[in-house]
Amino acid sequence: MPKFFVCALLLSLAMIPIACGQVDQSKPLPLKFTAVDGKSVDLATMRGKVVLVDFWATWCPPCRGEVPNVVAAYKKYHDQGFEIVGVSLDKDKDRLLAFTKENGMVWPQYFDGKGWSNDVSSGFGIHSIPAMWLVGKDGKVITTNAREDLAGQVEQALKAP
């Protein structure tokens, strides 16, 4: 069954967002935004580092469940060249800021208050969260499924030339 029909069927049956988007892994990921703290974020300036792009929200139980793993990986590998940028699908800026502070999420967060209509996540076809994309030192997406053994994937990416 074609992918479009599978996604349409799942959406109509479950009435929950499903990941049906794709990313061109042969080119550097074009991600540039102003973070919630006002700082500029541009993946092009992070070349030479491994970057996790974490599409998430404070209201998403699976996202909240991943936070300890993400924070642990950041603490373990940040000094070796690992960075994280968050793309929050929240609508409440104060809730986002309180949650990230409380949980030690010190990396930049994109926030526009549009929820599922978030400009960045919509632009990349994100229809399900958490979605974690690991970007290699060359700026290209290594995987769109970094949730599976995040620390191991980061370690391998850091070892790559």
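Modeller: One term comes first: on a 1 Å grid over the protein atoms alone, a cavity is a set of points where a 1.4 Å probe fits but cannot get out, and its lining residues have an atom within 4 Å of a point. Points are joined across faces, edges and corners, and a volume is the space filled by probe spheres set on them. This is a predicted model, in which local features need pLDDT of at least 70 and side-chain atom pairs count only at pLDDT 80 or more, while totals for chains, interfaces and linings use all residues. Residues are numbered from 1 along each chain as its sequence is written, and side-chain values use heavy atoms, with hydrogens and water left out.

Biologist: What is the volume of the largest cavity?

Modeller: The structure holds 1 cavity of 30 Å³ or more. Its lining is made by Leu 43, Met 46, Arg 47, Lys 49, Val 51, Val 135, Gly 136, Lys 137 and Gly 139. The volume of this largest cavity is about 30 Å³.

Biologist: In what order do the elements of the protein run from the N terminus on?

Modeller: Helices (H or I, at least four residues) and strands (E, at least two) are DSSP runs, numbered from the N terminus. The protein has 5 helices and 7 strands. Read from the N terminus on, its elements run α-β-β-β-α-β-α-β-α-β-β-α.

Biologist: Is Glu 83 buried or exposed?

Modeller: Glu 83 belongs to strand 4, which covers residues 82–88. Counting as contact any heavy atoms within 4.5 Å, and leaving out residues up to four places away in sequence, Glu 83 touches Met 46, Lys 49, Val 50, Val 51, Leu 52, Tyr 74 and His 78. Buried means under 20% relative accessible area, exposed over 50% and partly exposed in between (1.4 Å probe, protein chains only). Because its relative accessibility is 15%, Glu 83 counts as buried.

Biologist: How far apart in space are Val 70 and Leu 150, C-alpha to C-alpha?

Modeller: Val 70 lies in helix 2, and it counts as buried because its relative accessibility is 3%. Beyond its neighbours within four places in sequence, Val 70 is in contact with Leu 52, Asp 54, Ile 84, Trp 107, Met 132 and Leu 150. Although Val 70 and Leu 150 are 80 residues apart in sequence, their C-alpha atoms are separated in space by 7.5 Å.

Biologist: Which elements do the buried residues of helix 5 pack against?

Modeller: Helix 5 spans residues 150–159, and its buried residues are Leu 150, Gly 152, Val 154, Ala 157 and Leu 158. The elements that these buried residues pack against are strand 3 (50–56), helix 2 (61–77), strand 4, strand 6 (131–135) and strand 7 (141–143).

Biologist: What is the angle between the planes in the aromatic pair of Trp 56 and Phe 99?

Modeller: A search of the whole structure gives 7 aromatic pairs, where rings of Phe, Tyr and Trp (its six-membered ring) pair if their centres lie within 6.5 Å, with planes under 30 degrees apart counted as stacked, over 60 as edge-to-face and the rest as tilted. The pair of Trp 56 and Phe 99 is tilted, at 5.6 Å centre to centre, and it links strand 3 with helix 3 (residues 93–102) across 43 residues. Trp 56 and Phe 99 are both buried, and the angle between their planes is 40°.

Biologist: What is the relative accessible area of Ser 121?

Modeller: Ser 121 sits in helix 4 and, not counting residues up to four places away in sequence, touches Phe 55, Val 87, Leu 89 and Ile 126. Phe 55 is itself part of a cluster in which ring pairs link it with Phe 124 and Trp 133. Ser 121 is buried, because its relative accessible area is 0%.

Biologist: Where is Pro 130 found?

Modeller: The peptide bond that leads from Ile 129 to Pro 130 is cis, with omega near 0°, whereas most peptide bonds are trans. Pro 130 is found in the loop between helix 4 (119–123) and strand 6.

Note on methods:
On a 1 Å grid over the protein atoms alone, a cavity is a set of points where a 1.4 Å probe fits but cannot get out, and a pocket is an open set with protein on both sides within 12 Å along at least five of seven lines; lining residues have an atom within 4 Å of a point.
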